[in-house]
Amino acid sequence: LEGRYERVNDRLAAMHALAPEDHVGRLLEDIVPDIAPQVRVNLLEAVARGELVTAEIDGEMPDAPGVPRSWRSSFVPVRDIGEEVVGCAAIVFEVSDRRRADDRSALIAQAATLLDHSLDLETTVRTLCRIAVPRLADWCAIDLVGADGRIERATVACAEGSSEEHTSPSAVAETIQSGEMRIEPVSLVVP
């Protein structure tokens with residue numbers, strides 16, 4: 001089996017940002033290069049075993065590049081009238097929302113456990129940074145207003161392999177003054 005598409009429904013075709021008929025005869029790698037290796041391994045396993053194989057596939061789709069997604073996929077061998085395996089059908093359910101909810105729940109549980117260990121402010125802010133990077137961000141800084149009214153950097157955490165290039169002290173001051181959340185782009189240097 002080469003892993004060429006025979007038929008695709010409209011919903012899967014939309015995820016691939018192609019018409020169903022534009023799939024026919026094309027390889028997985030041509031249509032979904034990000035997840036093709038995961039799909040191919042499971043497809044070949046189903047064919048080799050001659051039975052259903054279920055797997056969770058993670059990656060991106062052409063209809064939303066850069067957005068991580070997850071699918072619960074079942075691969076079923078297709079047999080001809082003589083019971084010879086001639087192909088493989090895939091049944092795919094997107095489970096990205098469930099996965100994100102599970103990740104959020106795990107993050108909240110981890111945060112609660114870690115934060116429960118200390119009431120010390122310094123330890124707590126370091127712990128918050130450690131939780132945020134790398135699960136929520138590549139970089140995290142926590143600034144606090146001191147007793148004298150000055151803003152001081154309490155802690156910073158960077159994803160492995162990156163370092164802080166610059167931050168905007170004025171953005172921090174404006175955010176504290178306004179009390180409103182603000183997302184500020186930060187340049188990271190990766191050696």
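Helix H3 (residues 36–49) lies across strands E1, E2 and E3 and runs at about 160 degrees to E1. Helices (H or I, at least four residues) and strands (E, at least two) are DSSP runs numbered from the N terminus; contact means heavy atoms within 4.5 Å. Axes are lines fitted to C-alpha atoms, for helices over the stretch in contact, with angles from 0 to 180 degrees between N-to-C directions. The model is predicted, with local features requiring pLDDT of at least 70 and side-chain atom pairs counted only at pLDDT 80 or more, whereas totals for chains, interfaces and linings use all residues. Residues are numbered from 1 along each chain as its sequence is written, and side-chain values use heavy atoms, with hydrogens and water left out.

Helix H4 (residues 96–115) also lies across E1, E2 and E3, running at about 120 degrees to E2. The three strands form an open sheet in the order E1-E2-E3, with antiparallel pairing; two strands pair if DSSP finds at least two bridges between them. Strand E1 (53–61) and strand E3 (85–94) are the edge strands, each pairing on one side only. On average, neighbouring strands of this sheet are turned by 35 degrees against each other, direction ignored. Strand E2 (residues 64–79) is joined to E3 by nine bridges, the two running antiparallel. Phe75 stands opposite Ala90 in E3.

The loop between E2 and E3 contains Glu83, which has a positive phi of about 70 degrees although it is not a glycine. Most residues other than glycine have a negative phi. Glu83 counts as exposed because its relative accessibility is 53%, where exposed means over 50% relative accessible area, buried under 20%, and partly exposed in between (1.4 Å probe, protein chains only).

Ala17 lies in the loop between H1 and H2. His16 is placed in the loop between helix H1 (10–15) and helix H2 (28–31). With 4% relative accessibility, His16 counts as buried. Residues up to four places away in sequence aside, His16 touches Tyr5, His23, Ile31, Val32, Met61 and Pro62.

Val145, found in strand E4 (residues 139–145), counts as partly exposed at 46% relative accessibility.
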